[in-house]
Amino acid sequence: MPPNDRAEKQAAAQQAVDILHEIATILNCHLDRRTLSICISMIENGISPEALANVIKELRKQGQQAQLDSATATAAAATRRR
Amino acid sequence: MAHLAQLGALADDLVAAVTAIPESQRGRRNALREIVLRSLRGHTFIRTNQFEVEDRLNGLEERFSVVGRDGLAEALRARRDALESCRNQFTPEILHLLLELADQPAQNSKLSD
């Protein structure tokens, strides 16, 4: 592919991600640009959007649990030091 | 094989981006990565219907207007129009994902974001 074509395609893809990110914000999806880009790549690799949405919801729960565990461990360590 | 490797790398990135579990907890991240890959490979979901996606977006625009969020309705319409010029075959599926992740936008979305 000639460099100009590649640059044009890249610019169009970038623009699409920008617009999709704005739509994600309007819909209050809690997706940052990086996560959205990963999701787009996964969908382009044949992943079902519904399956991906379920996985993201589950990962959010797991992330919250990991933060709780981390806070509990920090508090326990502080108590031991006293 | 290359496809599987790429999917594995993307699953890893997704776990890191969504959970924010630090690199130091590699074991926990790897376990989640495996769960992600298993869930995605074992799915039995039907294909996205692009007309249904359009209907749902139209419905949301209408709902925004009904609850007095005309600014949100206009913003969504403007973005959908802008997306037309850079649409590809995956656009309906990406919009489907966004609709699945939408979190009470009529109540909670802020135009200032």
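B:Ala20 counts as exposed because it has 11 C-beta neighbours inside 10 Å; by the rule used here, a residue is buried if 20 or more other C-beta atoms lie within 10 Å of its own, exposed if 12 or fewer, and partly exposed in between, with the C-beta atoms placed from the backbone. This is a predicted model, in which local features need pLDDT of at least 70 and side-chain atom pairs count only at pLDDT 80 or more, while totals for chains, interfaces and linings use all residues. Residues are numbered from 1 along each chain as its sequence is written, and chains are lettered from A and ligands numbered from 1 in the order in which they are written.

B:Ala20 is found in the loop between α1 and α2 of chain B, where helices (H or I, at least four residues) and strands (E, at least two) are DSSP runs, numbered from the N terminus. Although B:Ala20 is not a glycine, it has a positive phi of about 60°. Most residues other than glycine have a negative phi. B:Gln104, in the loop between α5 and α6 of chain B, also has a positive phi, near 40°, and B:Gln104 counts as exposed because it has 9 C-beta neighbours inside 10 Å.

## Where the two chains meet

How many residues of chain A are in contact with chain B? There are 40 of them, and they meet 42 residues of chain B, two residues being in contact if their C-beta atoms, placed from the backbone, lie within 7 Å. On the side of chain A that touches chain B, the elements giving two or more residues are α1 (3–26), α2 (33–44) and α3 (49–81) of chain A, and the largest share, 13 residues, comes from α3(A).

Sorted by class, this side of chain A has 24 nonpolar, 11 polar and five charged residues; Ala, Val, Leu, Ile, Met, Phe, Trp, Tyr, Cys and Pro count as nonpolar, Asp, Glu, Lys and Arg as charged, and the others, Gly among them, as polar. B:Leu10, found in helix α1 of chain B, counts as buried because it has 21 C-beta neighbours inside 10 Å. Leaving out residues up to four places away in sequence, B:Leu10 touches A:Ile38, A:Ser41, A:Met42 and A:Asn45.

## The nonpolar core

The largest nonpolar core has 40 residues, such a core being a set of buried Ala, Val, Leu, Ile, Met, Phe, Trp, Tyr and Cys residues joined through C-beta atoms within 7 Å. Of its residues, A:Ile23, A:Ala24, A:Leu52, B:Leu14, B:Leu98 and B:Leu101 touch the most other members. At least two residues of this core are supplied by each of α1, α2 and α3 of chain A and of α1 (2–19), α2 (26–41), α3 (50–66), α4 (70–83) and α5 (91–101) of chain B. If residues up to four places away in sequence are not counted, B:Leu101 touches A:Cys29, A:Leu31, A:Ala53 and A:Ile56.

α1(A) has 24 residues and reaches 35 Å from its first C-alpha to its last, close to the 34 Å expected at 1.5 Å a residue; the expected span of a helix is 1.5 Å times one less than its number of residues. Among the buried residues of α1(A) are A:Ala16, A:Ile19, A:Leu20 and A:His21, and the buried residues of this helix pack against α2 of chain A together with α4, α5 and α6 (105–108) of chain B. A:Asn28, which follows α1(A), has a positive phi near 60°.

Which residues of α4(B) are buried? They are B:Leu72, B:Ala73 and B:Leu76. Seen down the axis of α4(B), its buried residues fall within an arc of 100°, so they line one face of the helix; the arc is that of the directions from the helix axis to the C-beta atoms. What covers these buried residues includes α1 of chain A together with α3 of chain B, whereas the face turned away from the buried side carries the exposed residues B:Asp70 and B:Asp81.

## Domains within each chain

Domain bounds come from an automatic or database domain assignment, which gives chain A a domain 1 (1–47) and a domain 2 (48–82). The C-alpha centres of these two domains of chain A lie 27 Å apart. Four residues of domain 1 of chain A are in contact with four residues of domain 2 of chain A, and the side of domain 1 that touches domain 2 has four nonpolar, no polar and no charged residues. In chain B, the assignment gives domain 1 (2–41) and domain 2 (50–108), and 29 Å separate their centres, taken over C-alpha atoms.
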